[in-house]
Amino acid sequence: MFFSVRELELRKAGFDLTFPPGKLDLSETDFRQVSPARVTGVAELLRGTDEIRVRGHFCGELEADCDRCLEAARFPIDREFDLFYRPASGDSDAADLELDESESQVGYYEGEGLQLADVIREQVLLWLPMQWVCSEACKGICPVCGGNRNRVLCGCQEQRQDDRWSALRNFRPSTRE
Ligand SMILES: [Zn+2]
Ligand SMILES: [Zn+2]
């Protein structure tokens with residue numbers, strides 16, 4: 001869905017869209033979109049300017065492999081957003097100071113307007129956590145036998161013996177590059 005400045009001059013544009021699984025491009029992250037994501041809201045032009053305001057609600061579920069145990073874990077997102085976009089050509093530096101940064105984020109659009117998918121993708125990237133664990137209590141993977149400690153009680157921890165094979169046992173071929 002594309003919001004053109006010209007059309008927004010005439011009327012605001014409501015939206016209610018569903019992104020099917022995989023539609024959100026998250027390729028530069030470790031996350032995957034595993035279920036439909038719904039986005040509802042409205043885009044409008046701020047009166048007397050060519051600044052576009054997009055606000056609404058995002059609801060969806062992503063998935064990523066836990067940093068500790070490497071098992072896939074769900075990451076639900078259910079959030080409001082309220083974003084402002086100015087034309088990229090405009091004088092940006094001076095204008096930036098006017099807006100209270102704690103209340104809103106200001107972005108820029110090129111040319112005739114704004115693509116909703118780009119807005120949503122950008123926003124979702126900001127919501128993603130830097131670290132991702134399936135649960136705070138996740139025990140991770142045993143560095144000795146490679147077993148998932150959430151599932152197996154391998155008991156390796158106690159045997160910290162210094163034999164020549166330990167280095168070999170610690171070596172696990174990684175499934176992730
Ligand atoms: Zn985990
Ligand atoms: Zn173990």
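Helix 3 has 12 residues, which at 1.5 Å a residue should span 16 Å. In this predicted model, the end C-alpha atoms of helix 3 are 17 Å apart, which agrees. Three residues of helix 3 are listed as buried: Val-119, Ile-120 and Val-124. Seen down the helix axis, these buried residues fall within an arc of 125 degrees, so they line one face of the helix. An α-helix has 3.6 residues a turn, so residues three or four places apart point the same way.

The wider fold was examined next. The protein chain contains 4 helices and 8 strands. Along the sequence, these elements follow the pattern β-α-β-β-β-β-β-α-β-β-α-α. The chain has 177 residues, of which buried residues make up 15%. Among contacts between residues at least 6 apart in sequence, 53% join residues at least 24 apart.

The largest nonpolar core holds 18 residues. Ile-52, Leu-114 and Ile-120 have the most contacts inside this core. Two or more core residues come from each of strand 4 (37–45), strand 5 (52–65), strand 6 (72–87) and helix 3 (116–127). Strand 4 supplies the largest share, 4 residues. Contacts of Leu-114 beyond four places in sequence are with Phe-3, Ile-52, Tyr-85, Tyr-109 and Val-119. Val-119, one of these partners, is also among the buried residues of helix 3.

The covered face consists of Ala-37, Val-39, Gly-41, Ala-43 and Leu-45. Arg-38, Thr-40, Val-42 and Glu-44 form the uncovered face. In a regular strand the side chains alternate between the two faces of the sheet.

Strand pairing involves strand 4 on two counts. Strand 2, residues 13–19, pairs with strand 4 in the antiparallel sense over 7 bridges. Within this pairing, Ala-13 has Ala-43 of strand 4 as its bridge partner. Strand 4 and strand 5 also run antiparallel and are joined by 8 bridges. Here Arg-38 stands opposite Cys-59 of strand 5. Strand 4 and strand 5 form a hairpin, with 6 residues between them. In the turn, Gly-48 has a positive phi of about 75 degrees.

Leu-45 lies in strand 4 and belongs to the covered face. Leu-45 is classed as buried because 21 other C-beta atoms lie within 10 Å, and the cut-off for a buried residue is 20 or more. Leaving aside neighbours within four places in sequence, Leu-45 contacts Val-5, Leu-8, Glu-9, Asp-50 and Ile-52. Ile-52 is also one of the residues with the most contacts inside the core. Leu-45 and Leu-10 are 35 residues apart in sequence, with a C-alpha to C-alpha distance of 9.1 Å.

Leu-70 shows another positive phi, of about 70 degrees, although Leu-70 is not a glycine. This residue lies in the loop between strand 5 and strand 6. Leu-70 has 15 C-beta neighbours inside 10 Å and therefore counts as partly exposed.

Conventions:
Residues numbered from 1 in each chain as written. Chains lettered and ligands numbered in written order. Predicted model: local features only at pLDDT ≥ 70, side-chain atom pairs only at ≥ 80, totals over all residues. Core = buried A, V, L, I, M, F, W, Y, C linked by C-beta atoms within 7 Å. Buried ≥ 20, exposed ≤ 12 C-beta atoms within 10 Å, placed from the backbone. Contact = placed C-beta atoms within 7 Å. Pairing = 2+ DSSP bridges. Expected span 1.5 Å × (residues − 1). Arc of directions from axis to C-beta.
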